[in-house]
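Please keep the sequence and the coordinates at hand while reading.

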Amino acid sequence: KSADRSVNYLLEKTRDKGLETVWERSERQQPRCGFGESGVCCRICYMGPCRIVASGRGRRIGVCGAKAENIVARNFARMIAAGAAAHGDHGREAAKTLLEAAKNPASGYSIKDANKLNKVASVLGVETKDREKEAIAAEVAERALRNFGQQEGEVSFIRLAPETRQALWRHLNIIPRGIDREIVEMMHRTNMGVDHDHQNIMLQAARTALADGWGGSMMATELQDILFGTPSPLRGQVNLGVLSEKDVNIVVHGHEPALSEMLVLAAQDKQLIDLAKSKGAQGINLAGICCTANEILLRHGLPIAGNVLQQELAVSTGAVEAMIVDVQCIMPSLPDISKCFHTKLITTSSKAVIEGAKHFKFSEKNALQTAKEIVKEAIANFPNRGKVDIPREKMDLVAGFSHEAINYMLGGKFRESYIPLNDNVINGRIKGVAAVVGCSNPKVIHDQCHVSLVEELIANDILVVQTGCSAIACAKAGFLTPEFAEKHAGKGLAEVCKAVGMPPVLHSGSCVDNSRVLIALSEMVKVGGLGKDISELPVAGAAPEWMSEKAIAIGQYFVSSGVFTIFGVGLPVKGSEIFCQHIFEEFENIFGGMWAVEPEPRKMAAMIIDHI
Ligand code: SF4
Ligand code: MSK
């Protein structure tokens, strides 16, 4: 089931115990509904649901007359809207937390990166001269919040894109006016009986996706850097073997670092460490799953226990005192498996309550206090621990490649620039750059597509930038160490990695941090020598094991920004040839970037290499 031995090991154990995980449930869904998988099941109104086939009497249009391309476009666009909503809400929470940090020091939040604050202030048009950082931060947060509700104009971060790209978006009339506004309009236009032109639907889908990549996601990343620090390279460890037999294990899972940052502080609190010792533990071990894990790794070097499909398995080690979740990618199965062990499942967001879990209401106003109470709850659970079975697998890694860090690393602290990267592409040592991102999916062998694709790319001198669960997959396979370049990268890439001391695979953060990739690509254009627009750069994007609607939103903002983007597993679009032709071919003439789909990782690599 997995390329990761620790997963196969624990799966055998859970099966022996008669426990169920995502893999068993996935098998039970076979055979899947072909209409749903190919995007031609419409549930938008209750004259349906309607299922369309390309040929055959009576089934070629829905009850209302909707054709296959209308239905596929509406479904695809709604996935983009949902993904953009998730990232947008995350960005909004980051803005609210920044406002709290600026106005309420008792919240426990503060401004960690004043440089970044000034940079973001200049993008948002906030005056910085002779002002206290708290005053600047408050105005930055307020302007950021306005980006969500704005009705006209342009969202602020768009101006970081290359001029040519901005001009194209203006020409196409797809610059997002406000983050929330585009999501709402997308939902309206895909309502029963509104927009019936798949091309017109996809233009608004592009605008909605840009409101994510250059809006909600970028807002989340940039404001979190101000609050918690901009990541720079550091060492860490990954995989289930990071769980400790002797410590109280607390696993954070989800996406928003507002809570996990406070848990990091609480877990270092001397009184709480003493409390853990009084219960027979050696200390407190804070580890992460999914993107929250990426956030605490990149800023604190804290260990990652695994990616999204490992959430149930972490509990099944019997070593997790508490799993603390916020929002996104959290399986509702967690209470069931937690009940079979001593693990306490704790929800913290009023947006994400799970029956069977204990809820601690978390808000930016009482953050540190709540974090301490949660840690106490975990400590109190330590004496209830039974037999533990922690797999041995764990791997060293280097992570923390924000676009600022890539700047410093390649150009040096005092001449930071992307010039050396562009030069190495121009002189042929590096052939290009690929962003390999996204989830894990039990429909394919866990981690296998990520690992095989990235292995092939670096062997062909393509520098790989990663985020999300994909970065965790490759980290577990040992790709995120400088030493890996010597053995596995092509000659040119290996030379560059050796000179700089960097891995051939750069971990840039969580899913919202795909916005870092957009800024890095814009910098590559601005430095010059490789083209006047992102679409002219030798770059590509891939999500080999995607599953979340957020991945589709990310894919679309990459494509709309001019990047050739290829997804594995499959895409729910095959039910309409007309729609496929539009996003797999015609898009290139419109955006300079297009979608592709290829489940086999070696073929996917070949397509990326060809494109580059
Ligand atoms: Fe069927 Fe049209 Fe209603 Fe969709 S909107 S369910 S195709 S009648
Ligand atoms: S957590 S969105 S499974 S990458 Fe961002 Fe991982 Fe995909 Fe969730």
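Predicted model: local features only at pLDDT ≥ 70, side-chain atom pairs only at ≥ 80, totals over all residues.

In the whole structure, the search finds 46 salt bridges. One of them connects Arg 181 with Glu 152, with 3.4 Å between the closest N and O atoms. Because Arg 181 belongs to helix 8 (residues 179-189) while Glu 152 sits in the loop between helix 6 (133-149) and helix 7 (163-172), this pair ties together parts that are 29 residues apart in sequence. Arg 181 is partly exposed, with a relative accessible area of 22%, whereas Glu 152 is exposed, at 56% relative accessibility. A further salt bridge joins the side chains of Glu 182 and Arg 177, at 2.9 Å from N to O, and both of these residues are buried.

## Aromatic pairs and a cluster

A pair of aromatic rings is described by the distance of the centres and the angle of the planes. With ring centres required to lie within 6.5 Å, the count comes to nine aromatic pairs. Phe 76 and Trp 595 form an edge-to-face pair, with 5.3 Å from centre to centre and 70° between the planes. This pair links distant parts of the chain, since Phe 76 is in helix 4 and Trp 595 is in strand 16 (residues 595-597), 519 residues apart. Phe 76 is buried at 1% relative accessibility, and Trp 595 is buried with a relative accessible area of 0%.

The rings of Phe 479 and Phe 484 have centres 4.4 Å apart and planes at 25°, so this pair counts as stacked; Phe 479 and Phe 484 are both buried. Phe 76 and Trp 595 also belong to one aromatic cluster together with Trp 546, Phe 567 and Phe 579.

The C-alpha atom of Ala 95 is separated by 6.4 Å from that of Ala 144, although the two residues are 49 residues apart along the chain.

## Ligand shell and nonpolar patch

Around ligand 1 there are 13 residues, of which Cys 42, Cys 45, Cys 50, Cys 64 and Arg 74 come nearest. Sorted by class, this shell consists of 10 nonpolar, two polar and one charged residues.

Val 63 is located in the loop between strand 2 (50-51) and helix 4 (68-103). Why does Val 63 count as exposed? The cut-off for an exposed residue is a relative accessible area over 50%, and Val 63 has a relative accessible area of 56%, so Val 63 is exposed.

Notes: Residues numbered from 1 in each chain as written. Chains lettered and ligands numbered in written order. Heavy atoms only, no water. Helix = DSSP H or I, 4+ residues; strand = E, 2+ residues; numbered from the N terminus. Buried < 20%, exposed > 50% of the residue type's maximum accessible area, 1.4 Å probe, protein only. Near = heavy atom within 4 Å. Nonpolar A, V, L, I, M, F, W, Y, C, P; charged D, E, K, R; others polar. Phe/Tyr/Trp six-rings, centres within 6.5 Å; stacked < 30°, edge-to-face > 60°. Salt bridge = Lys/Arg side-chain N within 4 Å of Asp/Glu carboxyl O.
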